[in-house]
Amino acid sequence: MKNVAVIGSGTMGNGIAHTFALYGFNVMLIDVDNAALEKALQNIARNMDKQISKGVITENDKQTALSHIKISALLTDIPPETELVVEAATENKTIKLDIFKQLSSICSDGTILASNTSSISITEIAAVSKEPQNIVGMHFMNPVPLMKLVEVIRGKETSDAVTAKIMETARQLDKSPVEVNDAPGFVANRILMPMINEAIYALAEGVSGVAEIDTVMKLGMSHPMGPLQLADFIGLDVCLAIMNVLYAGFDNSKYAPCPLLVDMVAAGHLGVKSGSGFYDHTLKNKELAVAAKFK
């Protein structure tokens, strides 16, 4: 496998494209927004510069990798020789199902279609495809170039051969793949998101403050980042979308999104991407400061 397409050029999409290109794959990066594509290329180059400064790669590695990335605003530009498509669009089921319907008619027979979804059913995604045995979850962690884990999610129809191929492909990217079965939130977010949601409840109920909650989890549980800071980093809109999937999938009140999370997303306080969440991310010196509303 040498030819890959990545759908979506946001944080996850450009990180996935970055990683595949660095390991010698030819990558077609696709997004309906041309400005987003240009920004993605700039982010990829900037993140590679960080790797150069740390001695992880060389300038030649960077230039070679960048030469492997092509961009387009059209799904129909996916080359016929593409062996793997990784969808990394926004965490919205309607959007993802529409993309997979289109991919099913555009891509060559036998092309593996993978979703980087954080929580949406791979089986449901596969149901709109003409080759459900070739649909699989390939859930990368953020930031993709740094994080080792890839959850490889088997839908009800995913074949053994496709699962094995994706496991091997992840290893070619120097990742550590873990095979899991299809269920709401899979493993990572079924455990992580309720913890984040509970931290937000603790804040909303006045148990403690933002920095204090995060400090407890960092110093007491050896987490590298507290749950509220992590929620900002993931995006509060993404956290809410995943909690809604868990709540609907399990029909259990323990997965109900905290009202404070719902309100913050409605108000546009999404974390790092919007500049404000539980922390203020607009400071020029990049110091971590609790948002004014929580002080």
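Helix H6 (residues 160-172) has 13 residues and reaches 18 Å from its first C-alpha to its last, close to the 18 Å expected at 1.5 Å a residue, where the expected span is 1.5 Å times one less than the number of residues. Helices (H or I, at least four residues) and strands (E, at least two) are DSSP runs, numbered from the N terminus. This is a predicted model, in which local features need pLDDT of at least 70 and side-chain atom pairs count only at pLDDT 80 or more, while totals for chains, interfaces and linings use all residues. Residues are numbered from 1 along each chain as its sequence is written, and side-chain values use heavy atoms, with hydrogens and water left out.

The buried residues of H6 are Val162, Thr163, Ile166, Met167, Thr169 and Ala170 (buried means under 20% relative accessible area, exposed over 50%, partly exposed in between, with a 1.4 Å probe and protein chains only). They cover an arc of only 160 degrees around the axis, which puts them on the same side of H6; the arc is that of the directions from the helix axis to the C-beta atoms. Asp160 and Ala161 are exposed on the face of H6 turned away from its buried side.

Two aspartates have a positive phi although neither is a glycine.

| Residue | Phi | Relative accessible area |
|---|---|---|
| Aspartate 174 | about 60 degrees | 41%, partly exposed |
| Aspartate 251 | about 50 degrees | 70%, exposed |

Aspartate 174 lies in the loop between H6 and E8, whereas aspartate 251 lies in the loop between helix H10 (236-250) and helix H11 (259-266).
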